Amino acid sequence: MKSLNSIKSLSIFTALILLGCSTPNEPVNSYYSPYVNTYVYTEKPTGRRLKDIVADKYPSNVYIGGTIQYRELNSAKGELLNNEFSYITPANTYKQSHIHPTPNKWKWQAPDDWIQRAKKNNQLVRLHAPISPQSSKWVRDDARTAQELELMLVEFMTALAKRYNNEPQVKWLDVVNETITEQGTWFGPKPGVTAWENPWTKIGFITDIPDKFPLLQKLGVPKYIVQAFEIANEHAPNLTLVLNQHRMTSPKSIALMKELVMYLRDRNLRIDAIGWQAHLRAEYVDFANIDSQAIKNLDNLIKWAHQYDFEFHATENNIHIKNNKPYQTDIVAKAFGNITQTLLDNHQTGVVAWSLWTLANAPHFRAKNIEVLGLWDEQFKPQKAYYEMQRVLENAN
C-alpha cells in the first residue's frame, strides 16, 4: 500500500501537469497537452495561429491546411494540426490501398474516425482518396486483368463517394492522382509489386479523341481516369472534385494536364479543381526568388485555372533535402512563403488552397538519405518558414 506522502506527491504532480505548470520532467519551453497526453512545442509561436489569420483576413476563397497520418492524431503533430489549421488532409487513410486492399476486405474505422475528429475540431477535409499509384499490392500484382482492375475501381470509388458525399466536414475529393510524368506521358505499370507504379492503365485507353486535343489524340486517354470521374460525378454531387497532379514543373506535363481536364469537361464530366503537388526538390531554390521563372510559371498556371473556373490547390508542400547537404533556412522559408504569396495574389479571381504535407522536419519514409522539411523542426519548434508563412498571410492584400 502506498504511503500517504507518496499519494500526496503523485496528486501534486498530476495537478501540475493538468494545469500546464512546470515539473522536473517537463522539457524547457514546452507545455503539457491533455488532448494528446504529451508535451508539445519546445517554443510557443508568437503572433496569431495560421487558421486565425485566414479566418480573419480571408473569409472566402482561401484555405490553408496541413496533413498528418492517422497514427499521429494523438501526438504532438495532432496538436499542431488542430491548433494551426481549419483545413486538413488525412494523408493516406482514404486511399484504395487502405480502405479496399482486396476484393473482400473493407476497412472503414480509421476513415470514419478522421471525420469525427474533424467535426470535433471544426475542420474541413479534403479526402485524399484518388485512383492513383498508391494502390494495394493486390492491384499491383502483374497477374491482375483489366476486368479485375475495373471492378476494383468501381467498387472502391462508388462505396467511398456514397459514404462521404453527405458529410458536412468533407468539402473536396481527390478523384485521380499522379497520372502524368514530367516528360508529358502517362504514368503506367512496372513489373512486380514493390516499385512505384500506376497499374490502372491496364484497363485500357480511349483513342477516339477530338482534333482539338492533339496530345490526347497521340497518347490516348486512360480509361480509368474517365471512369473515376464518372463515378464521382454520379455519387459525389456535393463534393468538389479534384485532379491532383505531381511534378507539374515541366511544360510537357502542364500541357498534358490542361488537355486532360478540358477533355473531361468536353465529355460533360464535372471537374472542379486542379491540385499541384508541391513536393519541391532542388528547384525549391528557384521558388525562393519571387521574380523567378518558377514563380511566374506557377502564377500563370493559377491564372489559367481560374480563367476556366477551376479551383487551384497547392496540395502537398514540403521540401526534400539531401541530409548530408547544408541548406539555408532563409531560402527554405522564402520558398514556402513565395508559393503562398503567389496563391494569395490570385485569390480575388477564384479559390486558392495550400496544404503542408510535412508539418515537422523528418527523414523521408523511404529514402533515408533525404530529409523532408516543413514549418516546424524535429522538436516541433516553429522555424523561420513558419514565421514567413505567418508574415505572408498577415500582410497579403
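W376 is buried, with a relative accessibility of 0%. Buried here means under 20% relative accessible area, exposed means over 50%, and partly exposed is in between, with a 1.4 Å probe and protein chains only. I start with that residue and then widen the view.

First, the ground rules. This is a predicted model, where local features need pLDDT of at least 70, side-chain atom pairs count only at pLDDT 80 or more, and totals for chains, interfaces and linings use all residues. Residues are numbered from 1 along each chain as its sequence is written, and side-chain values use heavy atoms, with hydrogens and water left out.

Back to W376. What does its ring pair with? The partner is F85: the ring centres are 6.4 Å apart and the planes sit at 85 degrees, so this is an edge-to-face pair. The rule is simple. Rings of Phe, Tyr and Trp (its six-membered ring) pair if their centres lie within 6.5 Å; planes under 30 degrees apart are stacked, over 60 edge-to-face, and the rest tilted. F85 is also buried, at 0% relative accessibility.

Where do the two sit? F85 is in the loop between α3 and β4 (87-90), and W376 is in the loop between β15 (370-373) and α14, so the pair ties together parts that are 291 residues apart in sequence. Helices (H or I, at least four residues) and strands (E, at least two) are DSSP runs, numbered from the N terminus. Ring pairs also bring in Y386 and Y387, making a cluster with F85 and W376. The count of aromatic pairs comes to 14.

Now the whole chain. There are 14 helices and 15 strands. The chain has 397 residues, and 57% of them count as buried. Take contacts, meaning heavy atoms within 4.5 Å. Among those between residues at least 6 apart in sequence, 73% join residues at least 24 apart.

Next, the core. A nonpolar core is a set of buried Ala, Val, Leu, Ile, Met, Phe, Trp, Tyr and Cys residues joined through side-chain atoms within 4.5 Å. The largest one has 108 residues, and those with the most contacts inside it include L127, L160, F229 and W354. Which helix gives the largest share? Helix α7 (residues 146-164) does, with eight residues. A second, separate core has seven residues, among them W172, V242, A273 and V351. In soluble globular proteins, nonpolar side chains tend to be buried together.

L127 is worth a stop. Leaving aside neighbours within four places in sequence, L127 contacts Y94, I115, L160, Y164, V170, W172, L173 and D174.

In α2 (residues 50-57), the buried residues are L50, I53 and V54. Why do they line one face? Seen down the axis of α2, they fall within an arc of 95 degrees, so one face of the helix is lined by them. The arc is that of the directions from the helix axis to the C-beta atoms. These residues pack against β3 (62-68), α3 (76-84) and α14 (384-395).

Then α12. This helix has 15 residues and reaches 21 Å from its first C-alpha to its last, close to the 21 Å expected at 1.5 Å a residue. The expected span is 1.5 Å times one less than the number of residues. Its buried residues include A294, L298, W304 and H306. Among the elements covering the buried residues of α12 are α10 (251-266), β10 (273-277) and α13 (329-344).

What follows α12? Y308 lies in the loop between α12 (293-307) and β12 (311-322). Y308 is partly exposed, with a relative accessible area of 33%. Beyond neighbours within four places in sequence, Y308 is in contact with M262 and R265.

D309 is in that loop between α12 and β12 too. Its phi is positive, near 65 degrees, in a residue other than glycine. Most residues other than glycine have a negative phi. Is D309 buried or exposed? D309 counts as exposed, at 62% relative accessibility.

N268 also has a positive phi, about 65 degrees, and is not a glycine. N268 lies in the loop between α10 and β10. At 71% relative accessibility, N268 is exposed.

Q227 is buried, with a relative accessible area of 13%. Its contacts, leaving aside neighbours within four places in sequence, are E150, L153 and I203.
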